[in-house]
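Please examine the sequence and the structure shown here before reading on. The report then takes up each topic in turn.

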Amino acid sequence: MRVDIVTIFPEFFGVLDVSLLGRARREQLLELHVHDLRDHTHDRHRTVDDTPYGGGAGMVMRPEPWGEAFDELLGEGAADAVVVFPTPAGVPFTQSLARELAEERRLIFACGRYEGIDARVAEHVATRARVIEVSLGDYVLNGGEVAAMAMIEAIGRLVPGVVGNPASLVEESHEEGLLEHPSYTKPATWRGLDVPEVLRGGNHGAIAAWRREQALERTRRVRPDLLPADGADA
Ligand code: 6GU
């Protein structure tokens, strides 16, 4: 998979060189390119923003640098790219959207700052590629960079080969619509706290049933919105 990121803060993305995604990059499972939006400005101050039409606080990113950046990125051979605009006004980013995007050959993240990007940019890009505006959750970040990083990590680890043991992807939170059960390792007793007895026996059926009950209980307690409204088992 190839991922392009357009931002005024390329240095944010240095951390993509560490840990799992860093290895995936070195092994060429993920090809990541970070582009500085200011390379597409032509004034001495490399201006990317201006005041909003209609008034209001804050600044809006001007369309011209974005237009140039996309002209370059959507040139030859990018007709099937999906363009993601991280924004608190987008559709929620979920594990199922991460799974869907992990199948794509090419993703482009357009990271806005200030009060957002002139709305004509997404409108124009949508005539040339699939565009989605995506939010991490119901809170406000200063820009799309941290959100893009979270999305790239969630998507990247689903690309085949990035996570060493694919079985670990199946058992985690949100894969079955539930939060994950608690996990334990050695020692069996630590500071007076015991690992649940059932996990120390070899009864795999009992262990699976215990884990499912724990997952359901935890989901009911902290995320009842994830469970079907009729109260039926997920
Ligand atoms: Cl995707 N961007 C920004 N700026 N703030 C957010 C967000 C995205 N998701 C939640 N808050």
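The sections below describe the model, its overall build, its core, the shell around the ligand and some individual residues.

## The model and its confidence

This is a predicted model, in which local features need a pLDDT of at least 70, side-chain atom pairs count only at pLDDT 80 or more, and totals for chains, interfaces and linings use all residues. Residues are numbered from 1 along each chain as its sequence is written.

The pLDDT is the predictor's confidence in each residue, from 0 to 100. The chain has an average pLDDT of 94, and 98% of the residues score at least 70. For the complex, the predictor gives an ipTM of 0.94 and a pTM of 0.94.

## Overall build

The chain contains eight helices and nine strands. Helices (H or I, at least four residues) and strands (E, at least two) are DSSP runs, numbered from the N terminus. Along the principal axes, the C-alpha atoms fill a box of roughly 70 × 40 × 35 Å.

UniProt, in an unreviewed entry, places the feature "domain: tRNA methyltransferase TRMD/TRM10-type" at residues 1-227. UniProt positions are given in the numbering used here, feature names are shortened, and annotations may be inferred rather than shown by experiment. Residues 1-227 are 32% helix and 19% strand, and their end C-alpha atoms lie 33 Å apart.

Two residues are in contact if their C-beta atoms, placed from the backbone, lie within 7 Å. Of the contacts in the chain with a separation of 6 or more, 74% are between residues 24 or more positions apart.

## Burial and the nonpolar core

A residue is buried if 20 or more other C-beta atoms, placed from the backbone, lie within 10 Å of its own, exposed if 12 or fewer, and partly exposed in between. By this rule, 24% of the 234 residues of the chain count as buried.

In soluble globular proteins, nonpolar side chains tend to be buried together. A nonpolar core is a set of buried Ala, Val, Leu, Ile, Met, Phe, Trp, Tyr and Cys residues joined through C-beta atoms within 7 Å. The largest such core has 40 residues, of which Val84, Ile108, Phe109, Ala110 and Met151 touch the most other members. Among the elements that give two or more residues to this core are β1 (2-7), α2 (63-73) and β6 (106-110). The largest share, five residues, comes from α5.

Leaving aside residues up to four places away in sequence, Ile108 touches Asp4, Leu73, Ala81, Val83 and Val84.

## The shell around the ligand

The ligand is surrounded by 13 residues, and the closest are Pro86, Pro88, Leu136, Leu141 and Ala147. Here a residue is near a molecule if its C-beta atom, placed from the backbone, lies within 6 Å of it. At least two residues of the shell come from each of β5 (82-92), β7 (130-135) and α5 (144-156), and β5 gives the most, with three residues.

By class, the shell has eight nonpolar, five polar and no charged residues. Ala, Val, Leu, Ile, Met, Phe, Trp, Tyr, Cys and Pro count as nonpolar, Asp, Glu, Lys and Arg as charged, and the others, Gly among them, as polar.

## Residues of the annotated binding site

The UniProt annotation "binding site", from an unreviewed entry, covers Gly112, Leu136, Gly137, Asp138, Tyr139, Val140 and Leu141. Gly137 is in the loop between β7 and α5, and Tyr139 is placed in the loop between β7 and α5.

Are these residues buried or exposed? Gly137 is exposed because 11 other C-beta atoms lie within 10 Å. Tyr139 is exposed because 7 other C-beta atoms lie within 10 Å.
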